[in-house]
Amino acid sequence: MSTDTEVGAELPDHLVAHGEIRQTEVKQTHRVVIRFAGDSGDGMQLTGDRFTSEAAAFGNDLATLPNFPAEIRAPAGTLPGVSSFQLHFADYDILTPGDRPDVLVAMNPAALKSNLPDLPHGGVLIVNTDEFTKRNLGKVGYDSNPLEDDSLAPYQVHQVAMATLTRTALEPTGMSKKDAERAKNMFALGLLSWMYHRGTEGTEAFLREKFAKKPELAEANILAFRTGWNYGETTESFAVTYEVAPAALPGGTYRQITGNLALAYGVVAAGQLSELPVFLGTYPITPASDVLHELSKHKGMGVTTFQAEDEIAGIGAALGASFGGALGVTSTSGPGVALKSETIGLAVALELPLLILDVQRGGPSTGLPTKTEQADLLQAMFGRNGEAPVPIVAPASPSECFDAAIQAARIALTYRTPVFVLSDGSIANGSEPWNVPDVESLPDMSVEFATEANAPDGSGEFWPYLRDDDTLARPWAVPGTPGLEHRIGGLEKADGRGSISYDPDNHDRMVRLRRAKIDGIEVPDITVDDPSGEAEVLVLGWGSTFGPIGAACRRVRAAGLQVAQAHLRNLNPLPDNLGEVLGRYRRVVVPEMNLGQLAMLLRAKYLVDARSYTKVAGLPFGAEELAGVLTDAVKGDLPA
Amino acid sequence: MTSTVPSRAVDLPSPKLGGLDLVPTTDETQKAKDFSSDQEVRWCPGCGDYAVLASVRSFLPELGLKRENIVFVSGIGCSSRFPYYLDTYGMHSIHGRAPAIATGLAVTRPDLSVWVVTGDGDALSIGGNHLIHALRRNMNITILLFNNRIYGLTKGQYSPTSEVGKVTKSTPMGSLDAPFNPVSLALGAEATFVGRALDSDRKGLTEVLRQAAAHRGASLVEIFQDCPIFNDGSFDVLRKPDQSESRVITVRHGEPITFGNEGRHAVVRKGFGLAVAPTAEVAPEDVVVHDATDLELSFALSRLSDQALEHAVFGVLRQVVRPTYDDLARDQVQRAVDGGGADLLELVQGRDTWTVRDGAVLGAVGREGVSR
């Protein structure tokens with residue numbers, strides 16, 4: 001049985017129900033995790049996205065986990081070609097896409113084989129039987145057909161000939177057999193939409209719009225969708241349907257959003273709030289390319305996107321744009337950051353604003369392009385020659401990417417510095433409901449360019465490295481400003497005047513000034529969630545682990561134990577009160593999807609015995625897994 | 001046809017905009033010294049960079065641009081110190097990346113005259129990729145490529161334009177690399193303006209600079225330049241009158257290509273390429289007339305310049321009109337803005353929203369605002 005609960009609530013009812021009741025019964029359930037799994041070409045991501053939109057429009061809280069291979073079309077029917085989409089939706093606020101599915105839709109033997117281990121006994125399994133041919137079974141090493149032996153006995157199995165049913169339904173359209181069968185994902189979506197009482201209009205409108213240029217395809221997909229829906233309603237194989245009521249989320253206007261979309265919107269917003277043109281210089285890379293795709297659509301809001309010849313040119317052009325007074329932005333993933341390092345160092349020396357959006361993926365090297373990891377933290381902190389401190393902001397969820405981009409831009413513009421945003425694959429592609437902010441409430445980020453000479457000696461000269469007393473930022477004097485002509489570059493500059501200087505004391509001073517400027521950036525204090533106020537164990541995370549850690553804390557507390565949770569959104573500089581917070585707890589546990597990078601920083605800076613719990617499997621932590629770690633920690637058994 | 005070499009004028013297509021048409025001008029009289037910064041020039045004595053700097057300083061006033069609207073961006077190397085010595089805006093960036101940085105600046109700031117100063121190592125080795133892409137995109141920038149055929153700042157290693165077999169600190173038994181011909185490379189990248197000049201030839205250099213600055217699009221100007229420390233006298237055969245007479249070929253658009261004393265040498269077609277022949281032995285109509293819009297001719301001219309400097313072609317080898325990337329990019333943005341730039345709230349809300357009030361979902365607003 002699944003123990004995948006987040007509030008200690010009862011298991012979803014349907015997990016204990018069996019298909020013996022003849023009449024369709026409607027059951028209320030608080031939460032469901034559905035996983036669609038099929039071949040890369042089966043349209044599982046689209047199917048999952050569409051169901052997600054329906055759940056969102058219905059008012060459920062939700063979280064999603066797309067999981068797909070790096071190959072665009074791995075050989076059909078093979079294990080490496082399996083693509084899946086997991087959706088968790090509920091009538092209360094949830095934090096993760098769920099550890100394991102309650103319902104698994106398997107479109108072929110490969111999808112069944114690779115996903116069945118995650119389905120708890122008693123779970124619902126819907127199988128497209130048409131693909132279970134001897135050849136396909138052989139491809140994935142099934143000696144016998146699992147639909148015919150008793151290996152699926154522990155599950156509630158629904159065998160549905162989805163391809164055949166779809167093809168038959170689409171016969172009147174005159175489509176070829178092959179084309180008709182491609183709509184079987186819409187059949188699956190129709191069936192699930194019926195099972196969970198989702199409307200049909202939204203999906204039908206979506207299909208009409210998606211295939212606006214090919215209305216015959218739109219109608220074929222709609223027909224397949226309705227066929228799936230009707231199949232559920234008219235056949236007697238599904239005895240129970242389920243209702244998940246809307247979630248009582250805080251008041252506001254909501255939409256569903258992925259991290260990459262939120263990141264792109266945050267960049268657009270930063271441009272509007274600062275009244276600066278946005279220039280994105282970038283190079284396509286998984287899983288960050290959607291940021292480029294999205295921003296390229298918003299030229300009407302003053303956004304210029306430039307797909308450069310390589311990662312280095314992308315950031316170079318962005319820095320050139322910043323020199324000219326634009327908000328320069330580059331988007332990338334870990335391997336791209338490695339290539340951009342020298343230019344980031346130049347931006348540190350030039351002290352110009354620049355956003356570096358790093359959507360982390362599995363490494364090292366090419367690593368796992370489509371899987372998640374948070375192992376670029378130390379690269380962002382230290383991955384440059386010389387002392388080159390760069391602020392780091394890390395969103396904790398898909399929707400937080402919006403705020404992270406704005407905060408990063410505000411820091412970049414205020415302190416004239418490159419700033420990292422560290423997102424990752426799971427929040428970039430994952431989605432959740434977002435309480436859309438009131439645009440009027442967003443901060444004013446207008447900047448002042450230098451317009452006049454500033455030399456303290458009254459010489460009437462312009463000193464490009466004369467700093468603001470408060471922020472230590474230097475003036476931003478853009479070309480075209482008369483009288484402020486100056487030259488900047490990567491060579492060390494004289495404090496104040498900014499001319500080339502090889503003076504030893506000056507270099508020492510400049511290195512310390514650049515560090516002091518970053519250390520002095522104002523970031524919000526970290527807050528601690530400790531409902532009882534009696535916890536002795538603090539779990540501290542950063543980035544996308546927020547959801548699983550939060551869900552794990554709920555479980556631990558539901559079991560009557562005390563644990564405090566805190567999450568870092570600012571990793572450089574760290575919040576001023578972090579040392580004090582860490583000192584309050586007897587034990588500190590730091591779960592990370594790397595080998596302990598934040599823990600290393602904490603131990604070095606605060607001399608605290610932070611214990612790492614790490615995993616680099618390309619997937620988010622499971623809540624159950626972390627709950628176990630935290631329970632052990634509360635009971636005194638710390639991770640090594 | 002007369003007995004003299006015929007002149008077949010070919011009109012250059014005139015672009016709607018000149019290279020500097022969007023850059024504000026000044027009525028104030030400018031002098032070379034107005035463009036000299038307070039920085040002490042620190043090249044080695046005898047370096048060809050001094051001559052180029054002097055030419056550029058004396059040429060810039062001719063443009064009549066506001067000084068603050070001129071930007072020089074450089075990479076790394078001896079030549080890349082250039083921006084420090086000009087009282088304009090400038091950036092001394094990192095090795096090889098100046099064309100990329102200039103790209104972002106040129107796209108966002110049409111009111112700037114953007115220049116890139118680079119060398120043979122900076123532009124053709126570490127920055128080769130950025131160079132060819134800036135040229136093919138036709139960014140509105142002017143690239144001055146100082147070619148001394150050696151690495152100077154790192155003290156004397158061979159460069160991507162060094163002659164095969166060159167003995168240097170890193171090639172004690174001779175360089176094995178086949179060198180680039182920068183003009184051929186630029187033409188291969190379909191650059192819209194390619195010119196070449198010699199550092200010490202102020203008149204010729206200024207003439208090429210003048211045309212390069214006026215060109216809307218990426219202009220590559222290769223400047224043969226002497227490194228007296230590590231490659232002394234590399235171009236001497238092009239400077240000494242007795243030797244240069246038979247080697248230096250200066251081309252002008254629309255004019256027959258003859259050179260040497262009293263034009264005694266002529267450029268003629270040979271197969272798919274070009275060759276040099278005594279003018280006296282060539283029928284006047286067989287003397288090639290330079291057409292800067294003819295890519296094949298420009299390429300053939302570039303191949304006349306060999307590593308041994310038997311011949312070296314100077315002047316504007318190619319100039320054609322093609323829309324620039326930065327103009328097109330700004331045009332797309334402008335059209336999108338004119339088409340009704342979106343509202344930020346509209347954008348972030350998207351089309352599928354639902355409202356929660358007092359803990360209850362008040363019905364979703366569907367696509368296109370239809371309630372459901």
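Predicted model: local features only at pLDDT ≥ 70, side-chain atom pairs only at ≥ 80, totals over all residues.
Next, display chain B as a cartoon. Eleven helices and 13 strands make up its secondary structure. Along the principal axes, the C-alpha atoms of chain B fill a box of roughly 95 × 50 × 50 Å.

Now colour the charged residues of chain B. There are 38 positive and 45 negative charges, and their mean positions lie 3 Å apart. Over all chains, the structure holds 44 salt bridges; several deserve a visit.

Select B:Asp327 and B:Arg330, whose side chains meet in a salt bridge of 2.6 Å from N to O. Both residues belong to helix α10 (residues 325–338) of chain B, and because they are three residues apart there, about one helical turn separates them. B:Asp327 is partly exposed at 22% relative accessible area, whereas B:Arg330 is buried at 18%.

Move to B:Glu163 and B:Arg149, a salt bridge with its closest N and O atoms 3.9 Å apart. Both residues lie in the loop between β4 (142–147) and α5 (182–188) of chain B, so the pair ties together parts that are 14 residues apart in sequence. B:Arg149 is buried, with 5% relative accessibility, while B:Glu163 is partly exposed, with 22%.

Then select B:Asp199, B:Asp236, B:Arg239 and B:Lys240, which are linked in a network of salt bridges.

Finally, turn to chain A, where A:Glu580 forms a salt bridge with A:Arg584 at 2.8 Å between the closest N and O atoms.

Notes: Residues numbered from 1 in each chain as written. Chains lettered and ligands numbered in written order. Heavy atoms only, no water. Helix = DSSP H or I, 4+ residues; strand = E, 2+ residues; numbered from the N terminus. Lys, Arg positive; Asp, Glu negative; His and termini not counted. Charge placed at Lys NZ, Arg CZ, Asp CG, Glu CD. Salt bridge = Lys/Arg side-chain N within 4 Å of Asp/Glu carboxyl O. Buried < 20%, exposed > 50% of the residue type's maximum accessible area, 1.4 Å probe, protein only.
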